[in-house]
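These are my notebook entries on a structure that is new to me. I set down what I looked up, entry by entry.

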Amino acid sequence: MVRALFAAVSSLLVFAAIAVADTAERETYKAAVEPICKSNKAAADRLLGPVKGLVKKDKLKPAGTAFGKAATELEKTQKKLVAVPQPPSDAAKLTKWLSEIKAEVGLMKTISKKFLAGDKSKATSLAVKLQNNATKANNGVIVFQFNYCKIDPSKYT
């Protein structure tokens, strides 16, 4: 009975130690990536802030140009994020998140091309897909409680 109790307490302590280590690694990762994301968010706000108004006024070429520039900025950010060492226990989750960000870049480039070509309908439908993908990406890394690394294209489209 004493051995069983000792084994149970020991395993509980091991799991608690792992949870504390995971939390510390996540906090370290978050501290490393948030400044990168903050910089990208500022660029996105600057570049994409006027897009909603431009699209409403059918000024599609400037909206397309803005999406293209924002896609380039997000691509640079994604590459910086890839270079940050990931907590081993979250590597699969973060790799998936980073690939979803890369997919966001591709969608933004396509939206840019559609706006530049004057295809408002297709660009708008792709913007909905962009939002859905962003929600999926954010849900995958919710445990990190990111502030700036959340993707929110809905405020621009």
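**Entry 1. A buried cysteine and its bond**

I began with Cys149, which counts as buried at 3% relative accessibility. I take buried to mean under 20% relative accessible area, exposed to mean over 50%, and partly exposed to lie in between, with a 1.4 Å probe and protein chains only. I note that this is a predicted model, in which local features need pLDDT of at least 70 and side-chain atom pairs count only at pLDDT 80 or more, while totals for chains, interfaces and linings use all residues. Residues are numbered from 1 along each chain as its sequence is written, and side-chain values use heavy atoms, with hydrogens and water left out.

I then asked which residue Cys149 is joined to by a disulfide. The partner is Cys37, with an S to S distance of 2.0 Å. For this search, a disulfide is a pair of cysteine sulfur atoms within 2.5 Å. In general, a disulfide is a covalent bond between the sulfur atoms of two cysteines. The link of Cys37 and Cys149 is right-handed, with 95° about the S-S bond. It links distant parts of the chain: Cys37 is in helix H1 and Cys149 is in the segment after helix H5 (120-140), 112 residues apart. Cys37 is also buried, at 6% relative accessibility. I searched the whole structure and found one disulfide.

**Entry 2. The chain as a whole**

I looked up the secondary structure and found five helices and zero strands. From the N terminus on, the order of elements is α-α-α-α-α. Helices (H or I, at least four residues) and strands (E, at least two) are DSSP runs, numbered from the N terminus.

How much of the chain is buried? Of its 157 residues, 35% count as buried. The exposed surface comes to about 9,200 Å², and carbon and sulfur atoms supply 63% of it. These accessible areas come from the Shrake-Rupley method with a 1.4 Å probe, and for residues only the protein chains shown count as cover.

I also looked up contacts, meaning heavy atoms within 4.5 Å. Among contacts between residues at least 6 apart in sequence, 71% join residues at least 24 apart.

**Entry 3. The largest pocket and Asn40**

I recorded a volume of about 390 Å³ for the largest pocket. Of the 24 residues that line it, the closest to its centre are Asn40, Ala44, Lys150, Ile151 and Asp152. On a 1 Å grid over the protein atoms alone, a pocket is an open set of points where a 1.4 Å probe fits, with protein on both sides within 12 Å along at least five of seven lines, and lining residues have an atom within 4 Å of a point. Grid points are joined across faces, edges and corners, and the volume is the space filled by probe spheres set on the points.

Which helices each supply at least two residues of this lining? They are H1, helix H3 (60-82) and helix H4 (91-116). By class, the lining has 15 nonpolar, three polar and six charged residues. Here Ala, Val, Leu, Ile, Met, Phe, Trp, Tyr, Cys and Pro count as nonpolar, Asp, Glu, Lys and Arg as charged, and the others, Gly among them, as polar.

Asn40 is buried, with a relative accessible area of 15%. Leaving aside neighbours within four places in sequence, Asn40 is in contact with Glu73, Leu74 and Thr77.

I found Glu100 in helix H4. Glu100 counts as buried at 11% relative accessibility, and it touches Lys136 and Ala137, not counting residues up to four places away in sequence.

Beyond its neighbours within four places in sequence, Ala123 is in contact with Ile111, Lys114 and Phe115.

**Entry 4. Exposed residues and positive phi**

I looked up Ala31 in helix H1, which counts as exposed at 55% relative accessibility.

In general, most residues other than glycine have a negative phi. I noted a positive phi, near 60°, for Asp58, in the loop between helix H2 (51-56) and H3. Gln145 also has a positive phi, near 50°. Gln145 lies in the segment after H5 and counts as exposed at 57% relative accessibility.
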